[in-house]
Amino acid sequence: MSHIVHIDLEDGNLPPPTPEIEQERRVAMFDLMETNSFSLPARGDAPAPEGPFRLKLSIREKRLVFDVASEDGAPVAEFHLSLSPFRQVVKDYFQICKSYFDAVKTSPPSQIETIDMARRGIHNEGARILQDRLAGKADIDEDTARRLFTLVSVLHYGG
């Protein structure tokens, strides 16, 4: 299966992230570059584009944009997704992340673990929504969806 070899977040117009959000972004980017699964299906009579791919994520005109290029930078595909399906899950994700970051400072391990389980559940829901929204446009596995959801959240949160 193909994969992403480079990813850019077009986040220059967003407010500066909090240190915690920046850390989430860095970890997601690192993990995504370590291992991911990303392929594009065939369209019509054209064969499926072969990877590896370069991916630029951005928000334009209140839409999430996946700009996919070949490894050498030649454009391959671009899809625009509505942000509406992500709004509530991103809001919930950042609320639970804030609770988690606060709990890490002062709460007992059992409470931190409970909050972290809830955080993972919301994160999984966001990843599932992303996979559903990309159906027919790009094929990604669960781990790739989770990491991309983190990046989408950072863009969405800032936007």
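The backbone oxygen of L32 lies 2.7 Å from a polar atom of the side chain of N36, a polar contact in the sense of a pair of N or O atoms within 3.5 Å, where within protein one must be able to donate a hydrogen and the other to accept it, and where residues adjacent in sequence count only if both atoms are side-chain atoms. This is a predicted model, in which local features need pLDDT of at least 70 and side-chain atom pairs count only at pLDDT 80 or more, while totals for chains, interfaces and linings use all residues. Residues are numbered from 1 along each chain as its sequence is written, and side-chain values use heavy atoms, with hydrogens and water left out.

**Surroundings of N36**

- N36 sits in the loop between α1 and β2 (38-39), with helices (H or I, at least four residues) and strands (E, at least two) taken as DSSP runs and numbered from the N terminus.
- The side chain of N36 also has a polar atom 2.7 Å from the backbone nitrogen of I4.
- N36 is buried, with a relative accessible area of 12%, where buried means under 20% relative accessible area, exposed over 50%, and partly exposed in between (1.4 Å probe, protein chains only).
- Leaving aside residues up to four places away in sequence, N36 touches S2, H3, I4 and T144, contact being heavy atoms within 4.5 Å.

**Strand pairing**

- Strands β1 and β3 run parallel and are joined by five bridges, two strands being counted as paired if DSSP finds at least two bridges between them.

**Salt bridges between separate elements**

- Side chains of opposite charge can pair when their charged atoms come close.
- The count comes to 10 salt bridges, each being a side-chain nitrogen of Lys or Arg within 4 Å of a carboxyl oxygen of Asp or Glu.
- K56 forms one of them with E10, the closest N and O atoms being 3.4 Å apart.
- Because K56 lies in strand β3 (residues 53-60) and E10 in the loop between β1 (4-9) and α1 (19-34), the pair ties together parts that are 46 residues apart in sequence.
- Both partners are partly exposed, K56 with a relative accessible area of 29% and E10 with one of 39%.
- A salt bridge also joins the side chains of R60 and E78, at 3.9 Å from N to O, and the pair links distant parts of the chain, with R60 in strand β3 and E78 in strand β5 (residues 75-82), 18 residues apart.
- R60 counts as partly exposed at 31% relative accessibility, and E78 likewise counts as partly exposed at 40%.

- K98 and D102 form a salt bridge in which the closest N and O atoms are 2.9 Å apart.
- Helix α2 (residues 84-106) holds both K98 and D102, which are four residues apart, about one turn of the helix.
- K98 counts as exposed at 52% relative accessibility, whereas D102 is partly exposed, with a relative accessible area of 35%.
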